[in-house]
Amino acid sequence: MTELAAIQSKNGHANGYASGHSNGTANSHSKEASPLTNDQIPISPSAPQDVPGLLSQIASHGDAFLGIDPDARLKLLEDARALVNALETPRESMIRYCWAQSTIYAAIETGVDIELFHKLSLSDKPKSAAELAEDTGCDPFMLSRLLKHLAAMDVIGEAGPDLYRRTGFTIALCSEKYSDGFPLMTRRFTAGIHALPAYLKKNGYRNPTNPTDTALQLGFNTDLHFFETVKQDPVTAKQFNNHMSIYSLGRPSWMDVGFFPVQERLIEGSNTTNDNVLLIDMGGSIGHDLSEFKRKWPDAPGRLILQDLPTVACHAQGLDPTIEVMPHDFFTPQPVKGARAYYMHSVLHDWPDDMCRKILANLIPALRPGYSKVLINENVIPDKGAYWETTSLDLIMMTIGSGERTERHWYTLLESARLKIIKVWTAPAQKGEESLIECELA
Ligand SMILES: C[S@@+](CC[C@H](N)C(=O)[O-])C[C@H]1O[C@@H](n2cnc3c(N)ncnc32)[C@H](O)[C@@H]1O
């Protein structure tokens, strides 16, 4: 009998579930939870009582996925993650957080730097560690160690002893748009994230709201605001713009049918004369959202204007010629008056409330009452069941002194800035909380 089976048999239960020994909380079969002994901690799954339900959900979402239900993939993925968490022991979870996540990050970033993923993805033919060492100019023994970890964590595939093959993720990492996220985090965010516990302790666990006194300044030993550090470093700027251009791809977009009624609420009722401005994307980076709008609504009448800081706007290249690029700092008065809509995507989440009010105060005089709309494309965090992508972004924002907001918070902020929320539009069956907050002058 194995040690695990022996302990389970001593407890009188197989597989750990229905034993009252799920870690942390009482399970549904027993009112009294017995604390685990030290011997049991390394071998007891964290939530065994959830396993049967998750397995049946996986079976049913799996059937729907194979039947090509477009929503089933995400449900299946979430169930699969929940299953892993339920099955993992506390020791395994601790090792994953402490060892695996930091080291796989380092291995991927190194792989990006030495163009490992390009070399591996040139064809679907597996490549040996020795060939990859030659291709990348690396010490074969060092590279073989990185390759083993990349394969152990499923970043690359294993085709045999010291033989590797590409995966879908490997192929995506050949594109700078995807791979730039890794060096970007290291160059501008990770030291701030690592400094967060010390920063919060030093500041009595208060919510940071001064963007020049945050974990970012502590971690990077600087006095500069995050966007100042981006402005001063062309490499970061390029990586940040690339990361911005793909972070929301594949998720429901407000421009899609069934999310925000673009035709009825934006196009209809807009002035169709030639110089009418339909949409201004404020802080629109290198124009990916306006390009998407042009692609999805090619016949929408009126001008499309992209605004961002001069150091960013100058990189907006290859856009549809009808998209106008206008350098503009949104802490100064909005120069384009009376547009149909002023749009901001993931802009206000970068700033604490008082600075959002300054951005909006510079916009308000440009709005034409009863005509202009402010469209705010941001996360609206629910009180329960927030999605992990949003909560992780929220903590990244905490390190720069801002954050994601709940619906209540959005109402308070926007009403204090003389705006009235007409409606918060959210995609049906969406995982994540990115919504379109439609506002007008109050
Ligand atoms: C988080 S990014 C979002 C980019 C884009 N809207 C998107 O969702 O992909 C924030 C953007 O705000 C821009 N930004 C920061 N400070 C600005 C300012 N003072 N005036 C105009 N744009 C600014 C940045 O350059 C960046 O492109």
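Predicted model: local features only at pLDDT ≥ 70, side-chain atom pairs only at ≥ 80, totals over all residues.
Visitor: How do I read the pairing of domain 3 and domain 4? How many residues are in contact?

Guide: Start with the distance, then the contacts. On the domain 3 side 20 residues are in contact with 16 residues of domain 4. About 1,600 Å² is buried between domain 3 and domain 4, with 74% of that area given by carbon and sulfur atoms. In domain 3, the residues losing the most area to domain 4 are Phe227, Lys231 and Asn241, together 29% of what that side buries.

Visitor: What about salt bridges and polar contacts between domain 3 and domain 4?

Guide: The count is 0 salt bridges, but there are 3 residue pairs in polar contact, both at pLDDT 80 or more.

Visitor: Now the ligand. Which residues are closest?

Guide: Look at the shell, then at single contacts. Of the 19 residues that surround the ligand, the closest are Tyr247, Gly283, His288, Asp308 and His345. By class, the shell has 9 nonpolar, 7 polar and 3 charged residues. Domain 3 and domain 4 each supply at least three residues to the shell.

Visitor: Which backbone atoms lie by the nitrogen atoms of the ligand?

Guide: A backbone N or O atom of His345 is 2.8 Å from a ligand nitrogen, and one of Phe330 is 2.9 Å from a ligand nitrogen. For an oxygen atom of the ligand, a polar backbone atom of Met244 is 3.4 Å away. The ligand taken alone exposes 590 Å², and the protein buries 96% of that.

Notes:
Residues numbered from 1 in each chain as written. Heavy atoms only, no water. Near = heavy atom within 4 Å. Polar contact = N/O pair within 3.5 Å; in protein donor to acceptor, adjacent residues only side chain to side chain. Areas by Shrake-Rupley, 256 points an atom, 1.4 Å probe, with all protein chains shown as cover. Nonpolar A, V, L, I, M, F, W, Y, C, P; charged D, E, K, R; others polar. Domains from an automatic or database assignment. Contact = heavy atoms within 4.5 Å. Buried area = accessible area lost by both parts, 1.4 Å probe. Salt bridge = Lys/Arg side-chain N within 4 Å of Asp/Glu carboxyl O.
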